[in-house]
Amino acid sequence: MPNIVLFSGSSHHDLSQKVADRLGLDLGKVITKKFSNQETCVEIGESVRGEDVYIVQSGCGEINDNLMELLIMINACKIASASRVTAVIPCFPYARQDKKDKVRSRAPISAKLVANMLSVAGADHIITMDLHASQIQGFFDIAVDNLYAEPAVLQWIRENIPEWKNCIIVSPDAGGAKRVTSIADRLNVEFALIHKERKKANEVDRMVLVGDVKDRVAILVDDMADTCGTICHAADKLISAGAVKVYAILTHGIFSGPAISRINGAPFEAVVVTNTIPQEEKIKQCPKIQVIDISMILAEAIRRTHNGESVSYLFSHVPM
């Protein structure tokens with residue numbers, strides 16, 4: 001591809017390499033290092049003048065360091081006369097801090113702050129995946145393409161769950177109802193949801209199941225799992241309500257704190273995540289974790305954006 005340069009931040013080099021291979025490109029030369037006082041230093045190692053630049057950096061690991069590195073990389077490319085800079089952020093950082101509510105009336109809306117920072121750094125376009133709240137797109141004044149893992153998830157269900165025609169898609173909270181109804185419609189199966197009451201963040205208090213899961217294979221679907229308290233509680237609830245098997249399918253497997261030990265102790269057949277966040281270490285500690293590769297969706301979105309084609313085809317199809 002002429003006039004395109006793809007750079008990788010240090011958060012998820014493996015995914016960037018897969019995207020580059022898929023596009024038939026070499027990753028651009030970039031040196032990221034830290035000074036002794038822990039300031040981030042980025043050196044772009046090749047000319048980007050007049051080029052269409054894509055920088056892949058996911059919001060995972062050392063989130064604040066990686067976000068700062070992305071901002072510096074965007075700015076470095078912009079002031080080196082790149083014609084357009086696109087930030088490819090598979091897992092958007094601070095996406096859960098997207099609103100104020102009654103309980104936390106003085107909470108910051110940090111997702112909006114991150115949006116402002118990316119714009120000010122010089123990003124012209126954002127490509128991300130399964131935003132926690134799709135309204136985050138409205139925090140930007142630049143173009144945002146929010147891609148969906150749904151087509152890849154549907155493909156995984158059909159290929160790996162033999163009894164998928166007798167399954168029920170379950171949302172572990174009311175907020176994910178839209179996501180599960182969409183998947184249930186595409187598979188032509190029923191859906192259920194679990195209403196949870198939270199007393200404080202990362203702690204679930206009480207759960208109520210709405211829907212009939214007796215003698216069915218239950219598939220929990222959510223956009224992310226962090227400490228996994230919710231999905232593990234939900235799995236227990238589904239088993240006690242008569243589900244035969246329970247799977248969990250999540251776009252972003254953050255798995256922090258006690259997550260891995262909780263999954264190991266929960267009645268899951270498998271916990272399926274995409275590789276928006278690196279999972280190599282987690283898989284070693286937990287054999288239940290399986291990974292869907294979404295690099296081809298990101299690569300195709302980059303290719304289509306670069307060529308000025310429509311990206312909406314990817315909302316319902318997995319690129320071959």
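Q: Which residues does Ser58 touch, not counting residues up to four places away in sequence?
A: Ser58 touches Ser11, His12, Asn66, Pro90, Cys91 and Thr276. Contact here means heavy atoms within 4.5 Å. This is a predicted model, where local features need pLDDT of at least 70 and side-chain atom pairs count only at pLDDT 80 or more, while totals for chains, interfaces and linings use all residues. Residues are numbered from 1 along each chain as its sequence is written, and side-chain values use heavy atoms, with hydrogens and water left out.

Q: Where is Ser58 placed?
A: Ser58 is in the loop between β4 (52-56) and α2. Helices (H or I, at least four residues) and strands (E, at least two) are DSSP runs, numbered from the N terminus.

Q: Is Ser58 buried or exposed?
A: Ser58 has 3% relative accessibility, so it counts as buried. Buried means under 20% relative accessible area, exposed over 50%, and partly exposed in between (1.4 Å probe, protein chains only).

Q: And what does the side chain of Ser58 reach at 3.2 Å?
A: The backbone nitrogen of Cys91. A polar contact is a pair of N or O atoms within 3.5 Å; within protein, one must be able to donate a hydrogen and the other to accept it, and residues adjacent in sequence count only if both atoms are side-chain atoms.

Q: Moving on to strand β13, how many of its residues are buried?
A: Five of the five, residues 270-274, so β13 is largely enclosed by the rest of the structure.

Q: Which way do they point from β13?
A: Ala270, Val272 and Thr274 point one way, and Val271 and Val273 point the other way. In a regular strand, side chains alternate between the two faces of the sheet.

Q: How many bridges join β12 to β13?
A: Four bridges join β12 (residues 245-253) to β13, and the two run parallel. Strands pair if DSSP finds at least two bridges between them. Ile249 stands opposite Val272 in β13. From β12 the chain crosses through helix α7 (residues 259-265) to β13, in a right-handed β-α-β crossover. Right-handed means that, with the strands pointing away from the viewer, the path from the first strand over the helix to the second runs clockwise.

Q: What about β13 and β14?
A: Four bridges join β13 to β14 (residues 289-292), also in parallel. Thr274 stands opposite Ile292 in β14. With helix α8 (residues 280-285), β13 and β14 make a right-handed β-α-β unit.

Q: Which residue has a positive phi just after α3?
A: Gly122, at about 120 degrees.

Q: Where is Gln38, and what is its phi?
A: Gln38 is in the loop between β2 (30-34) and β3 (40-44). Its phi is positive, about 75 degrees, although Gln38 is not a glycine. Most residues other than glycine have a negative phi. Gln38 is exposed, with a relative accessible area of 55%.
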